[in-house]
There are 10 protein chains.
Amino acid sequence: MNSKEIVTKEMATERILLAKKEKNATFDEIAEAIGRHPVWTASAIMGQATMGEAEAKKLVELLDLDESIADSLQEIPYRGSLDESIPVDPLIYRFYEIMQVYGTSMKSIIHEKFGDGIMSAIDFTMDIDKKEHPDGDRVVITMDGKFLPTKKW
Amino acid sequence: MNSKEIVTKEMATERILLAKKEKNATFDEIAEAIGRHPVWTASAIMGQATMGEAEAKKLVELLDLDESIADSLQEIPYRGSLDESIPVDPLIYRFYEIMQVYGTSMKSIIHEKFGDGIMSAIDFTMDIDKKEHPDGDRVVITMDGKFLPTKKW
Amino acid sequence: MNSKEIVTKEMATERILLAKKEKNATFDEIAEAIGRHPVWTASAIMGQATMGEAEAKKLVELLDLDESIADSLQEIPYRGSLDESIPVDPLIYRFYEIMQVYGTSMKSIIHEKFGDGIMSAIDFTMDIDKKEHPDGDRVVITMDGKFLPTKKW
Amino acid sequence: MNSKEIVTKEMATERILLAKKEKNATFDEIAEAIGRHPVWTASAIMGQATMGEAEAKKLVELLDLDESIADSLQEIPYRGSLDESIPVDPLIYRFYEIMQVYGTSMKSIIHEKFGDGIMSAIDFTMDIDKKEHPDGDRVVITMDGKFLPTKKW
Amino acid sequence: MNSKEIVTKEMATERILLAKKEKNATFDEIAEAIGRHPVWTASAIMGQATMGEAEAKKLVELLDLDESIADSLQEIPYRGSLDESIPVDPLIYRFYEIMQVYGTSMKSIIHEKFGDGIMSAIDFTMDIDKKEHPDGDRVVITMDGKFLPTKKW
Amino acid sequence: MNSKEIVTKEMATERILLAKKEKNATFDEIAEAIGRHPVWTASAIMGQATMGEAEAKKLVELLDLDESIADSLQEIPYRGSLDESIPVDPLIYRFYEIMQVYGTSMKSIIHEKFGDGIMSAIDFTMDIDKKEHPDGDRVVITMDGKFLPTKKW
Amino acid sequence: MNSKEIVTKEMATERILLAKKEKNATFDEIAEAIGRHPVWTASAIMGQATMGEAEAKKLVELLDLDESIADSLQEIPYRGSLDESIPVDPLIYRFYEIMQVYGTSMKSIIHEKFGDGIMSAIDFTMDIDKKEHPDGDRVVITMDGKFLPTKKW
Amino acid sequence: MNSKEIVTKEMATERILLAKKEKNATFDEIAEAIGRHPVWTASAIMGQATMGEAEAKKLVELLDLDESIADSLQEIPYRGSLDESIPVDPLIYRFYEIMQVYGTSMKSIIHEKFGDGIMSAIDFTMDIDKKEHPDGDRVVITMDGKFLPTKKW
Amino acid sequence: MNSKEIVTKEMATERILLAKKEKNATFDEIAEAIGRHPVWTASAIMGQATMGEAEAKKLVELLDLDESIADSLQEIPYRGSLDESIPVDPLIYRFYEIMQVYGTSMKSIIHEKFGDGIMSAIDFTMDIDKKEHPDGDRVVITMDGKFLPTKKW
Amino acid sequence: MNSKEIVTKEMATERILLAKKEKNATFDEIAEAIGRHPVWTASAIMGQATMGEAEAKKLVELLDLDESIADSLQEIPYRGSLDESIPVDPLIYRFYEIMQVYGTSMKSIIHEKFGDGIMSAIDFTMDIDKKEHPDGDRVVITMDGKFLPTKKW
């Protein structure tokens, strides 16, 4: 039928991460090469975002990868990067814990400041920074999502 | 045995929220009165943090509440503010979705910037702000947690 | 503390439905009285939407209910109207089945027509109509949600 | 035993989607070629509906695919297109959320308009349209199912 | 507001079963009194079917029950009579086991005899009989549901 | 060690169904050939019953299959034909729904007719018939299980 | 309606156990009084078996309990004595562990000795004995269930 | 690295059962050959117990199997022989049902006879016997576990 | 029937903790009063261990509590102190995480040092200490359980 | 692309354990060779910790393994060594049971000694020792984690 190799999103992720490691490329460097933010770039590499053609081509060029991987990066993914509904990896679990502990507080404060509605997870960006501190560096995560008022009709 | 009313954390939350509403008090105003950040103040009101004696007393004074509520606010809670392991409320669910979609990206980027370890959810603060924007205001959440390197021994 | 009765969303729903039945009021009539669409009106009565003050007052007036119910209707709810994660009531289950059977088709077609993104369930309206048909009447449900393109950054 | 290749529904879906992409064929075009509605056509391609012989043959002809795929398309499927009981993909999850938030309202309104019974998910059709709008295009989904009165005997 | 007692479906079931026991009435006798089949009558008493006004009135008359129970019997129920998704009561579990063991066979045979479609559980009746047998009596359950062909469109 | 091919129950099912389709053999015809009821025959083909040697040999002969498949058909299976604890296929789900909706009624009626005990799912037979009807044909399923009185000791 | 107190199975269990403790009565003594085996007697007290009228009357007489409790003991129960599907109490969990670890061995050996079929849990008795041993006494549990051959038809 | 084949516990089980069948060897015969009880022997073959070197060697000799299988039999297993937390195979499920129905009775009687503690599932043996009976043979399972008193300190 | 108040384990826990707080009594002080280790004492107060009569009496005396609470403390509990199978409280969750991350390592090392068997959770003691440290104090938990070799028979 | 073999964490674990067995190397010996504690060394071999380059190289040298395994040992893992959320292996389950039974006691005592906060599972070490005892040797597990006070802000 077709001689082109079909590369699943999982295979693409695995090959990109291997090439990234061999070339000692950081997410920052890849992001700069394709003209995107490092967190979004990581999410695309992790198979959770959809690259445009130009972005995908620049990535495979930078990392000396096959074109079939560029195709895969342009496919819209079935999203969901975790294997379990409650994650067990300690780093990822902490975000579940934050939602469990602070979820009702976030709801109350957002409603107090904005009224009825939600923070969009689609019209949404995230930043992850390192803040140096004498007692130990700190991870600073900034989530920025459009407020969507609950429609009445 | 004892004539003092026992007030559970759930009852305290309910009564404080009612009084807050009747007095038209915002989380910002309560936070200022007790000398704490509004998000932390909300989390204590929601039964997820432990107030000190002075803080608890100022809160019940401000809202004209019973002393038994101040006692309850000083109890260390069994944390976890949600009824389900996967929340159904749309506002809270979006944070679950962010973890599902971006969890592996957050893990990769934190490891690349900091090495093996996690962002603490205990030595942790959160800010929730409103950023005005012509296309619709945005919710900006800043999470700031100490990086804890995974110990080797 | 406070002599006003606290009415939970569940209690409000129960009392409104009882009064609605005794007055033989339909959702259409209530909706017209408060100036809203019948589906939205039903969702507010079911404790899943937030009424404005004027709407809530008209509703309690129409059905001869207590003011405390009007207060309850203005509270922003913790949404989620079902007791189980997979519903067992046959009418409600069919919507779960539609999602299970047609979910991937809906995803494919929406992406083909709109690109990467989702149909909002917040900026969203629904219509439920009866279409007469000689072989048996048909339920026609129209869902209309804003397309939200997945943000790249 | 038998030299004909056995093609599972999953394999058929994968190969059809690949061919569809290479030929730049839309669901509309395929649907027109086989004489069916695009949503039903997509559901058959996704392995959730059973094609007749003529429909299946036209599809493999249009996309230059193997006859074994036409056989697979005529098999009655074990339906259920999702891997999880609560989907994590944001687009598909929103339909779960709609059922969670509006399920009881849909039940109340259908019973008020039709009496005791359900909307069939079998004698059922669906339409997915794009409605242009200055504030952002809208996804309009129309579900049309026969009302089945609950039998008494 | 209203002096009439609200009787939930659960309360109605409990009171009817108690009265039935005290009057030594069988399901057959109750069914005959209201002009319905005993299995349907039992399902209405168990809170899973909706009685008409005349049926409900005859039932409360026969068992000397309050009118409020007749009201409750006319409410359309949220169906689902079991507390767990996998039942533990041995009698009920056996029906789960039959579905687990014979489910794929039932699917294959129904498709072979009828084509693609399902047996309706809504346009559906059931009979439960006792068949005497020298090696031990046998329970004979006859399910009779309309075949609904899966719609193509 | 051993040159005979090991055929799992799953592989045997798949190969028998393929051969059955190619020979256009119905369950009725296979059942007649081996001297068993069609539903039991289907359940053996689906890997849920244990054939005797003569039955298995006749089946592989009829369908021109390998002897190793006859061996597999004689193995006592780990029963359970479904992948999920709550099935999603609409045809199979309806039997789950019947158990959910009518389970307590079946329990009450069986106890009223037989006393404390259960309907055996082991000393059990099932019939699946097509009943023609002007409003649409009906599926008639007859389950016939020995009543087992709960032992007292 | 009816002045007799309705005693649920749970309430009956609780009251019997309290009376049993106050009278220092053992299961052996109660069993002897009613003419049954101690394990069956315990299961009836725990709400999992159905006493005959004479047995129930002797029990309430022996323990000076109300007649309403004798009524409750004669009701056929919804069986299932545990709150969780996987028990957490260490004593009860060990039986779950035995099933997890030895389940496939029990299946193999029973099939080798008896052919295809099961051990009935309905035509079933159990003994629990104390076997003294110098290294520590041993619990000896004897389960005795009728072998039910899987029916072929 | 190493030319010896690695045989997982699952592979060893499969190969032993095949050889056992071809040699028509019973668990009793294998047990006698290795000097162990048939139930323990079955559990070792099922990958749930750890054989000593001499036992493993005798087993592979008796059944003409490869030495690598003897190695596998000496590995301490990750125990747990079932795929689901609630088994669906009818024979194995009955043991789950016994635990569900009689669990609280077993707990009460063991505590009454022995005090606070548990029956060990580690210092534990099991016997499975066939008891002939005119009404149908019976399966007799004897579990014998050391009583472990709950430690106080 | 009986004028003595029945105090459930949950009620006893609640009342003891309240009295403990009012008297400013530590677990160490209570443990010393009853002659037991503080961790065991805490577990008895939490409703997870069984006190002897003398211990229970000393406790209620020390804390000025009712005799009915001493009775409750002597009841053998249904153990399991958590509401969820995966705990959400951060302090308790960490022990789940340790089991998830280190479980296989603990298994390997215990088997290497002791052979096949387990660490008893019944013949088991635990110590919880505070170790001061300039970088932050440390929690030191010592678990000490009898090794139980897996029985062969 | 790249001729180096990619070795997953699972493959690395399997190969190291095989080599360890063939060389009769203990965790103590491997730990000494790489200059780390045996428990940490085991956790790294089990794929739950990240080795430094020098450590990984010494390990592969000691066990004559391929360099690709040293690479794998330096990858930061997705942690979580168990397949199920509630483990079934008896040795590992006991740690789940300890958490279920003693979890609330550990929480109470840690809070009493340290105030509000948790024991870190990241800044954490563990020791597993064998303590000889005439009544049977004992497993002694020492967990030592930094106390992290819950931050207030």
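Two strands pair if DSSP finds at least two bridges between them. Strands (E, at least two residues) and helices (H or I, at least four) are DSSP runs, numbered from the N terminus. The structure described here is a predicted model, in which local features need pLDDT of at least 70, side-chain atom pairs count only at pLDDT 80 or more, and totals for chains, interfaces and linings use all residues. Residues are numbered from 1 along each chain as its sequence is written, while chains are lettered from A and ligands numbered from 1 in the order in which they are written.

Chain A has domain 1 at residues 9-74 and domain 2 at residues 90-149. These bounds come from an automatic or database domain assignment. Taken over C-alpha atoms, the centres of domain 1 and domain 2 of chain A lie 26 Å apart.

In chain B, strand β1 (residues 117-131) runs antiparallel to β2(B), and eleven bridges join them. Lys131(B) has Arg138(B) of β2(B) as its bridge partner. β1(B) and β2(B) form a hairpin, with six residues between them. Gly136(B) sits in the turn and has a positive phi of about 130°. Pairing also crosses between chains. Strand β2 (residues 138-149) of chain A pairs with β2(B) in the antiparallel sense, over nine bridges. Here Lys146(A) has Arg138(B) as its bridge partner. In a regular strand the side chains alternate between the two faces of the sheet.

Strand β2 of chain B (residues 138-149) has nine of its twelve residues buried, so it is largely enclosed by the rest of the structure. Helix α3 of chain B (residues 38-45) has eight of eight residues buried, so it too is largely enclosed by the rest of the structure. The buried residues of α3(B) include Trp40(B), Val39(B) and Ile45(B). Pro38(B) and Thr41(B) are also among them. They pack against α6 of chain A, together with α1 (9-22), α2 (27-34), α5 (67-74) and β1 of chain B. Gly47(B) follows α3(B) and has a positive phi, near 80°.

Helix α5 of chain A (residues 67-74) has Ile69(A), Ala70(A), Ser72(A) and Leu73(A) buried. Seen down the axis of α5(A), the buried residues fall within an arc of 160°, so they line one face of the helix. The arc is that of the directions from the helix axis to the C-beta atoms. The buried residues of α5(A) pack against α1 (9-22), α3 (38-45) and α4 (53-62) of chain A.

Contacts between chains were then examined. Two residues are in contact if their C-beta atoms, placed from the backbone, lie within 7 Å. By this criterion, 57 residues of chain A are in contact with 57 residues of chain B. On the side of chain A that touches chain B, α3, α6 (90-114), β1 (117-131) and β2 each supply at least two residues. α6(A) gives the most, with 23 residues. By class, this side of chain A has 31 nonpolar, 14 polar and twelve charged residues. Ala, Val, Leu, Ile, Met, Phe, Trp, Tyr, Cys and Pro count as nonpolar, Asp, Glu, Lys and Arg as charged, and the others, Gly among them, as polar.

Seven residues of chain J are in contact with five residues of chain A. The side of chain J that touches chain A has four nonpolar, two polar and one charged residues. Chain F and chain I do not touch, and their nearest C-alpha atoms are 19 Å apart. Chain F and chain J do not touch either, with nearest C-alpha atoms 16 Å apart.

Copies were superposed by least squares on the C-alpha atoms of residues with pLDDT of at least 70 in both. A rotation of 180°, with 0.0 Å of shift along its axis, superposes chain A on chain B with an RMSD of 0.0 Å. The two copies are thus related as by a two-fold rotation axis. The same surface serves both copies, as 100% of the contact residues of chain A recur in chain B.

Methods: A residue is buried if 20 or more other C-beta atoms lie within 10 Å of its own, exposed if 12 or fewer, and partly exposed in between; C-beta atoms are placed from the backbone.
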